[in-house]
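Biologist: Hi! Could you walk me through this one? Let's get it up on the screen.

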Amino acid sequence: MSMMSELEPEALPPEPAEPPKRVVGRTPFQLAWARFKRDKLALVSLVVLVLMAIFALMAPLWADWTGHPYDQTFPKTALDAAGQPVGPGKDFWLGADQLGRDVLVRAAYGARISLVVGILSALLASLLGVAVGVLSGFVGGVTDTVLARIMDITLALPYLLVAIMLATTFQISSVTASLTLTILVIAFFSFASFGRIIRGQVMSLKQKEFIEAARSLGASNTRIMFVDVLPNLIAQVTVLTSLLIPTSIVFEATLSFLGVGVRLPMPSWGSMLGEGSDVFQTAWWLLVVPAVLLLLTTLSFNLLGDGIRDALDPRSDRIIGKK
Amino acid sequence: MTAGTAGLHAAAERETLVSVQGVVKHFPIKQGIVFKKEVARVHAVDGVDLEVRSGETVGIVGESGSGKSTLARCVTGLHPVTSGRILFEGTDITKLSGAGLKAFRKDVQMIFQDPYGSLNPRRRVGSIIGDPFAIHGLASGAERKKRVQELMELVGLNPEHYNRFPAEFSGGQRQRIGVARALAVRPKLIVCDEPVSALDVSIQAQVINLLKDLQREFGLTYIFIAHDLSVVRYVSDRVGVMYLGRIGEAAAAGDLYERPRHPYSAALLSAASIADPDEAERAERIVLIGDVPSPIDPPSGCRFHPRCPKAEERCTVDEPELEVKEGDAADHLTACHFPVEPGENLAREHAGIRQESTEPELPEVEQ
Amino acid sequence: MLRFVIRRLLYSILVLWLVATLVFVFLNVSPVPVERVIGGPRATTDMLEQIRANLGLDQPVIVQYGKFLGRLLRGDLGDSYINGTSVASLISDRLPTTLWLVFGAGVLWFLGGVATGVYSATRARGLGDRAVTVFVLIGLSTPPFVMALVLLFVFSTKLGEAGFTFFEAGPPLQEHFLQRMILPWIALAFLMVAAYTRLTRGSMLDVLGEDYIRTARAKGLPERRVVYRHGLRSALTPVVTQFGIDLGALIGSTIVTEKVFGLQGVGQLVYQSINLGDTPVIIGVTLLVTFAVVIANLVVDVGYSVLDPRVRLS
């Protein structure tokens, strides 16, 4: 180390030569997008989801073209002499259900419900989770103890049962009210696991020297929270939210299957499966159509979420981590 | 090495910028079923006095766990102190809040150890260096950009890299970013917390020299924390040696390195690498027993006694004062009952008390 | 240690009390007139008043709340609105079926998940691992009730037509036990196998990257011994923890499986009560399941802390 005294300040050599200008600085987003584009499965999922969204948006158009509104029964054309629903054909493209309604039109409306409920409750849950997680992890102390306990307790609740209890005690009959309640219930039971992860993340961020650096510069807590903490959570939040969407869709489908989700006559893939379960033996399309659509959607969202995670954090192993 | 003594004389006339008076910082360890109560405390800094004069560099050395980084964070106001006073230009900063604290934060800046951890990976370099301008409302827009680029040039960075992310820089360059950020508000004092220990040796010299240049140019005052003795010696006018939250010895840099009086300083110096192989062969190392004891339950009396080759009965009960010993310069303070005499060979000393290894006993390993 | 157990116990009691209170609040803010549900549409005003008095609904809320908690402490979950039977006896009649369902599915998913997870982790990034990854994603994307419907359709309806009987519907449980339970077990376990495969694989890969595993390999231990003796042992700890928690929580998820396969368990009881508006039964099951989850959590936490003292400190 005595070489130090020989190194005169004037002789300060330049840092290892700067790379020539041809290296264009790319933002993290550009880098992530470049990685994402290489992930074929994720790209295919994205396409499937876009098609699904178009299918859902076109719901009223399907009803127009076929002449079958989603809540109208067509006993004469949709049911055969024995009262059994007709299968896929010229009139009913994807068959009819046991009441004589058009499965294609109902499935399209069901896609709306699944996508809207899935995305809205995931967004709501992540908003709530980030707020609670950041507050809990950043403020610490009593606030943290209380919020962390609330999250623990929420996780200990039997969510399906409490959701059922809510739906039955409030006896909601309107479609909009049941839709709102379903979204709120799903968001409430999803925010805690989200919040716990964010809390852990924030607590480890808080230990980082750049937070200390910001504080020593005189930055206020609010500034540190928004300028230094939140931007570091974006990747994690994006991944978690995208993986929360399929979970929420399954949650909604299960509730509707049991008849406590989105109320009739608004169709949901879950309620279509529930209503049709008695006549599957003869009318397989009542099982296959909603089940395949549901599976396709959740699988695509899961693959997309994995793709986003890989793109944002190339080191992370593809399926490491808890469910 | 004469730089040290020269600096000392010059320093004597300078006014005091920072005065640390009896500062104590304890971290409580809490446990409890419903209500947490304190069961123990980590004595990170346990009664430190320190004067820093305007324009000088005060080095602080010590092993990890000696409390030097905690002391740095107390001085910059990042940790509230448990007791004691820290005067900055005569104002007690431990009582500051609100606008007063913000003004103080403008005058005192910090450079951190980890050039990877101390820069927010999600923000562009320009916005990181411009942070002080934004926080203190000094400049915005094009004006801020211009000043940031001036700073980048000043610390030897390419101003065209304004829009890059920290990940695109090497360790040395990142530390330069940290230096630029600290310089932005023209502070009076910069606390450097092991600024080069995470860097390659070849890069260390560059960053150290940059810091020295900047000190000359802007008349900066440094508190320089390190565990590497040669770095501290090179940059510091005066040096304090910390052990378990206390200062064991403080003196002008050259004086301390020539004539260490505290057995711990002597041991540290004997363990430091010596560049000349002949000299290294002649030098005898003082081997200390065990590890630094736990700061949760520091030893009684002199904190160094369980490891000290000269320890006597008295050291286990009587805590030595930090004072001038016979034959030393007026600013050479030592906290020891039995200071090392010049020429004394510590490696042959035997303690007058039974010494215990403080290494924790490891449980038997299965299989 | 005792300190830790006490803290966990207090916390468990707090959770139970909160859930009970939540349930009470739901009941009180519910816009559904209870007396109307019990008395039926043709009950007179006097009859309705009488029912309210019998249930203690005419008393102040705070008194009702005290009585509610008091009954719960004695293990009294109240009576069904529909036929007046005590909820506790209704549940205990149905419990064996559900416990058998959960137990069988638990064994299936634990063994299946761990086996697939270890297989996948020891062949990380290989062809087998990728196949498992795809399986895991499909498993995680399939709602349990869809799996149940598909299984029922394929194995019972279609293969039944072809002359193979995989599934027998209808009581009693004792007869043709395996034939009745095998499909529900698979349906219930399917998603969990996927989740546990992912969990085991991740935990196993973490452990196999540790230094002591490298040391074991460097010592020249056979690979099988390294993986199973040294690796799997520590990798299983988080999996077992999760298993304890999920096993308790699963009782709540058997509703759809029991409904699809027509099993007369607790889940089916809840489903039937939804349609009848029989709130006390739903509440009783909810409290019971919460109790099961809390106990499972407690056992796992305490057991874990005995095995791994580091947990107690956090």
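Modeller: Happy to. One term before we start: two strands count as paired if DSSP finds at least two bridges between them. Also, this is a predicted model.

Biologist: Which residues are the bridge partners of Ile60(B)?

Modeller: In E8(B) the partner is Ile225(B), and in E9(B) it is Gly240(B).

Biologist: And is E3(B) largely enclosed or open?

Modeller: Largely enclosed by the rest of the structure, because five of its five residues, 57-61, are buried. Thr57(B), Gly59(B) and Val61(B) point one way, while Val58(B) and Ile60(B) point the other way.

Biologist: Nice. Switching to chain C: how many helices and strands does it have?

Modeller: Chain C has 14 helices and zero strands. Of its 314 residues, 39% count as buried.

Biologist: How many residues of chain C are in contact with chain A?

Modeller: There are 48 from chain C, in contact with 41 residues of chain A.

Biologist: Which helix gives the most to that side of chain C?

Modeller: H13(C), with 10 residues. Other elements giving two or more residues include helix H1 (2-29) and helix H8 (177-208) of chain C.

Terms used. Residues numbered from 1 in each chain as written. Chains lettered and ligands numbered in written order. Predicted model: local features only at pLDDT ≥ 70, side-chain atom pairs only at ≥ 80, totals over all residues. Contact = placed C-beta atoms within 7 Å. Helix = DSSP H or I, 4+ residues; strand = E, 2+ residues; numbered from the N terminus. Buried ≥ 20, exposed ≤ 12 C-beta atoms within 10 Å, placed from the backbone.
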